[in-house]
Amino acid sequence: MSDLDLGFGGQRVPLPAHISVFHSGDADLGELVEFLRGAIGRSPEAVVLLGPPGAPAAFLKSLESSLGRKLDDEVASGRLVVMDGDRDPDAQLTKLVQTIRTLTAKGAAAVRVLIFVAWEVPGWPVAEDFLWIESRLESACADLPVAIVCAYDVTSLPGPALIYAGIESHGLVSIGGKVATNPLVVAPEAYLADRLLHLPWLARDPSAIEGGGRGMHACAFFMNRDEEYATLLPLIQEGVARGQGAFHIIDPQRRADHLQRLNQGGLDVEGLEASQKLEVRNWYETYLMDDRFDPERTLGLLNEVIAARPGGVHLVADMSWALGRAPGVDALVEYEARFNQVRTRYSDTVICTYDSARFAAATMLDILRAHPVVILGGVPQDNGLYTPPAALIDELHGRTAATL
């Protein structure tokens with residue numbers, strides 16, 4: 001079998017396929033059920049459920065409820081395999097591949113594998129080991145007729161799971177039931193050298209980048225301050241060298257640290273401030289005036305900032321203010337989308353920084369879709385998951401209406 005109907009979205013994919021599916025908790029399992037429904041009862045196909053201890057068996061019960069019947073016969077015949085994961089990544093990958101080979105040797109024309117992604121839970125590989133598995137899965141199954149769907153629950157997983165695993169290690173992604181080629185995937189050989197050996201929680205990644213004079217509205221995801229400034233300082237220096245006005249929005253408690261890091265990065269902070277080429281404001285002077293977030297007011301303020309700098313602006317904003325409970329913060333994603341509609345000058349650079357260790361995966365996915373450029377692993381790149389403002393805003397409003 002060269003390709004397979006996934007069962008959702010009316011789509012077929014060539015085999016082998018490795019797909020990340022983003023869903024929102026136990027009430028949003030429709031795609032996963034439909035993915036398996038086509039194989040249940042079809043003797044030419046087989047199914048494998050894999051996850052942390054207990055998760056596959058729990059999903060099997062949900063699947064039986066959705067199908068309206070028990071699946072004891074399928075389990076007994078070996079056409080449906082329920083596997084608990086192994087904390088050892090080599091053992092887990094080897095066992096999965098061997099299971100797929102065994103099923104095909106017994107006559108399965110295709111094998112559908114559903115993996116329930118976990119992050120730092122008992123009985124499951126630690127984060128960096130799981131990333132290694134994800135980066136190797138498709139090549140390990142290169143000669144097998146298999147479709148592997150990795151289920152990412154964006155309501156419970158942390159941001160790093162979404163970025164480093166769900167996006168960077170899958171050639172295909174499914175958002176809202178539509179499967180698309182993922183332009184942000186990192187090739188397995190590059191993943192080892194450029195990602196696994198430089199994970200921010202293992203070691204500082206000192207990578208520097210060049211912006212080439214290109215303006216952008218980018219979201220940048222970081223795990224710690226060292227990683228953040230290793231990426232931002234070269235961009236800030238480049239903006240200063242081009243004569244752009246630097247405008248930074250930061251946590252008020254971090255002002256001294258921010259200025260110190262700029263100085264350590266070779267910038268003449270005192271001179272830039274004296275010449276009004278650098279302005280540093282805090283959250284309460286921008287996003288949270290009157291202790292609330294007003295998107296209209298903020299968009300107006302930033303328009304004024306841009307207009308007051310005819311030579312171009314290089315704006316860096318720490319978005320961690322949105323982790324609080326100030327009124328209006330629920331409008332964060334719509335604000336980011338709308339900013340694309342008001343930012344018109346190609347020369348302006350706007351970088352919104354997000355602490356991926358603190359923001360929920362569901363929020364990060366929406367943030368990613370609201371920015372034309374994304375900075376991952378220190379490298380800015382065109383964001384193939386970017387959704388035009390009008391479409392994303394309509395979707396956000398639809399979600400809100402559905403909850404009323």
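This is a predicted model: local features need pLDDT of at least 70, side-chain atom pairs count only at pLDDT 80 or more; totals for chains, interfaces and linings use all residues.
Me: Which residues of α5 are buried?

Reply: They are A127, F130, L131, I133, E134, S135 and L137.

Me: How should I read a nonpolar core?

Reply: In soluble globular proteins, nonpolar side chains tend to be buried together. Here the largest nonpolar core has 85 residues, and V113, I115, F221, Y287, M319, W321 and Y354 have the most contacts inside it. Helix α6 (residues 159-167) gives the largest share of this core, six residues. A second, separate core of 30 residues includes L29, L49, L80 and L172.

Me: What is I115 in contact with, leaving aside neighbours within four places in sequence?

Reply: I115 touches L50, L96, W124, L137, I148, V149, C150 and A151. Among these is L137, one of the buried residues of α5.

Me: How many aromatic pairs does the structure hold?

Reply: There are 11. Take Y354 and F359: their ring centres are 5.1 Å apart with 70° between the planes, an edge-to-face pair.

Me: Are Y354 and F359 buried or exposed?

Reply: Buried means under 20% relative accessible area. Y354 is at 1% relative accessibility, so Y354 counts as buried; F359, at 5%, therefore counts as buried too.

Me: Which residues do ring pairs link into a cluster?

Reply: Y287, F293, W321, Y335 and F339 are linked this way. Y287 and W321 are also among the residues with the most contacts inside the largest core.

Definitions and conventions. Residues are numbered from 1 along each chain as its sequence is written. Side-chain values use heavy atoms; hydrogens and water are left out. Buried means under 20% relative accessible area, exposed over 50%, partly exposed in between (1.4 Å probe, protein chains only). Helices (H or I, at least four residues) and strands (E, at least two) are DSSP runs, numbered from the N terminus. A nonpolar core is a set of buried Ala, Val, Leu, Ile, Met, Phe, Trp, Tyr and Cys residues joined through side-chain atoms within 4.5 Å. Contact means heavy atoms within 4.5 Å. Rings of Phe, Tyr and Trp (its six-membered ring) pair if their centres lie within 6.5 Å; planes under 30 degrees apart count as stacked, over 60 as edge-to-face and the rest as tilted.
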